[in-house]
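Subject: Structure handover and findings

Hello,

Here is the structure we talked about. Please open it and read the notes below alongside it.

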2 protein chains.
Amino acid sequence: MCRPVTFKPGSKIRLSQIDPRKVDGEWDKVTAKERIRENTLVSRELAYRLYAENRRAVLLVLQGMDTSGKDGTIRTALTGLNPQSCQITSFKQPSSEELDHDFLWRIHKAVPRRGEIGIFNRSQYEDVLVVRVHNLVPEIEWRSRYERINEFERLLTEGGVTIVKCFLHISYEEQRERLQARLDNPEKRWKFSTGDLAERKRWPDYQAAYEEALHRCNTTEAPWRIIPSDRKWYRNLVVSTLLRETLEAMDPKIPPSEAGLEGIVVE
Amino acid sequence: MCRPVTFKPGSKIRLSQIDPRKVDGEWDKVTAKERIRENTLVSRELAYRLYAENRRAVLLVLQGMDTSGKDGTIRTALTGLNPQSCQITSFKQPSSEELDHDFLWRIHKAVPRRGEIGIFNRSQYEDVLVVRVHNLVPEIEWRSRYERINEFERLLTEGGVTIVKCFLHISYEEQRERLQARLDNPEKRWKFSTGDLAERKRWPDYQAAYEEALHRCNTTEAPWRIIPSDRKWYRNLVVSTLLRETLEAMDPKIPPSEAGLEGIVVE
């Protein structure tokens, strides 16, 4: 099966020991494409029921290094869902208004409402990743955030939100190839900024920051999933399957209708 | 071609004189489906360019009587776009916080940002439709709203938003059939409320309210399009084509890249 890598709450992980090129031998590009299409049809129907039921929500969190494919996953694994049932929020550098509040303020505003699938392209985790690597706040401040995030996620979970956190795991070499491809392709060059190279120099710091975030926030209610992402088709397959299986496990139901509707004839 | 019905700014219209069953003889269910698929592929690519360009936005407004197919249009004509480039906002009964502001406050907050396609499922027009039919505010108040809406839409247009306003036009008989179908189908019955029958009794009031809104807010910058909607496949075809043609006319461009990127080799 095409499962993400998971690990026990409380245990540490070493990203260097998880192979980002891993694929399940059962699948190839062609069969994956077909399965993604099938997943989309199933998820679309379940999303409709989730909306009709209007009791619970799904929050899919996508995190990963630059070029790990957060946009590409949305484009490939999630296109084909009814856009009315998905709300995507991309978290960029916080605005000055956002910085004037606690770090979860802008996140909380974007949480999906009942019946919806919310997708976070980056998330609350940026505040223990880029913020930590660049020392944007003192260590004592970012260090307390792991617990604040766990509490926040528990609040959401208790409120009926199923949280699916995906770390798109790529290798250092794969990032090099993808950045070079952006530079070499005139249609993609607009995405490249020289700042990307400066960030790439911080690779070990980012990996360490991810390892700690994955370790400290891998709770029973909202576990992390590590998605081997060097191969785009496999990454898309795993995320698309994960969403489908999440919705299947939730098994949303069309709600009962108003009482006394039997026999009504519309005039 | 599969064009919506349009009319000159300033001129009045009589909805009873526009045939909601109209289809263009060139099309049938099968060819329409194929064309919608093709439209989606073209719009998806153009939406990507719109996002990359990051200068302008599209706002698609869907209005229509109950059962006219606002949800269905989104589901059929817009599924297949990258959900990251579409933000859908469904305006329901205003909350008490929303009612504590002017009627455009909640609308303004939901306007698409640069690079996005925003879709309004209901809109600012509810405030001259349901509000008027049910006398929720005094006539002098709703009557001034047409001009406020025109001014608001001009503000958006000048800010780079192309507004596409669609009125999904169905017949009284078609609504009867659709409401009855909801009642008769256990999978759809949850959508039905006895309040729908009370609203249906106000059909002539709603048609008059629509005629006035279409007339007064049919500006050069943001014209109304009337979509013959008794046949769902034709409605979907017309809206999907309209979105494609709007994006084609905007012709968004991939932006230039940062200067001095030539010859960079990523290490």
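A definition first: helices (H or I, at least four residues) and strands (E, at least two) are DSSP runs, numbered from the N terminus. With that numbering, T219(A) sits in the loop between α10 (203-216) and β5 (224-228) of chain A. T219(A) is buried, with a relative accessible area of 15%. Setting aside neighbours within four places in sequence, T219(A) contacts P9(A) and N150(A).

Please keep in mind that this is a predicted model.

**The annotated span**

UniProt, in an unreviewed entry, places the feature "domain: Polyphosphate kinase-2-related" at residues 33-253 of chain A. This span is 52% helix and 14% strand. Its end C-alpha atoms lie 28 Å apart.

**The interface of chains A and B**

On chain A, 47 residues are in contact with 47 residues of chain B. The area buried between the two chains is about 4100 Å². Carbon and sulfur atoms give 55% of that area. On the chain A side, Q84(A), W190(A) and V266(A) lose the most area to chain B. Together they account for 18% of what that side buries.

The polar side of the interface comes next. There are 4 salt bridges across the interface of chain A and chain B. One salt bridge joins E187(A) to R49(B), with the closest N and O atoms 3.0 Å apart. Across the same interface of chain A and chain B, 18 residue pairs are in polar contact, both residues at pLDDT 80 or more. Five elements of chain A give two or more residues to the side that touches chain B: α1 (29-53), α2 (70-78), β2 (86-90), α8 (172-184) and α9 (194-201). By class, that side of chain A has 22 nonpolar, 11 polar and 14 charged residues.

**Q84(A)**

Where does Q84(A) lie? Q84(A) is in the loop between α2 and β2 of chain A. Its relative accessible area is 11%, so Q84(A) is buried. Leaving aside neighbours within four places in sequence, Q84(A) is in contact with D71(B), I74(B), I88(B), S90(B) and N121(B). With N121(B), there is a side-chain polar contact of 2.8 Å. Within chain A, the C-alpha atoms of Q84(A) and E245(A) are separated by 20 Å. Those two residues are 161 residues apart along the chain.

**Salt bridges within the chains**

Side chains of opposite charge can pair when their charged atoms come close. The count over all chains comes to 50 salt bridges.

- R178(A) pairs with E174(A), the closest N and O atoms being 2.8 Å apart. They are 4 residues apart in helix α8 of chain A, so about one helical turn separates them. Both R178(A) and E174(A) are buried.
- R21(B) pairs with D230(B), the closest N and O atoms being 3.4 Å apart. R21(B) is partly exposed, at 39% relative accessible area. D230(B) is buried, at 5%.
- D127(B) and R145(B) meet in a salt bridge of 3.5 Å, N to O. D127(B) is in the loop between β3 (117-121) and α5 (130-133) of chain B, and R145(B) is in helix α7 (residues 145-158) of chain B, 18 residues apart. D127(B) and R145(B) are both buried.
- R132(A), E139(A), R143(A), E212(A) and R216(A) are linked in a network of salt bridges.

**Backbone points to check by eye**

Most residues other than glycine have a negative phi. Two residues of chain A have positive values.

- R122(A) has phi near 70°. R122(A) lies in the loop between β3 (117-121) and α5 (130-133) of chain A. With a relative accessible area of 23%, R122(A) is partly exposed.
- D251(A) has phi near 50°. D251(A) is in the segment after α11 (232-250) of chain A. At 39% relative accessibility, D251(A) is partly exposed.

Best wishes

How values were computed: Residues numbered from 1 in each chain as written. Chains lettered and ligands numbered in written order. Heavy atoms only, no water. Contact = heavy atoms within 4.5 Å. Buried area = accessible area lost by both parts, 1.4 Å probe. Salt bridge = Lys/Arg side-chain N within 4 Å of Asp/Glu carboxyl O. Polar contact = N/O pair within 3.5 Å; in protein donor to acceptor, adjacent residues only side chain to side chain. Nonpolar A, V, L, I, M, F, W, Y, C, P; charged D, E, K, R; others polar. UniProt positions renumbered as here; feature names shortened; annotations may be inferred. Buried < 20%, exposed > 50% of the residue type's maximum accessible area, 1.4 Å probe, protein only.
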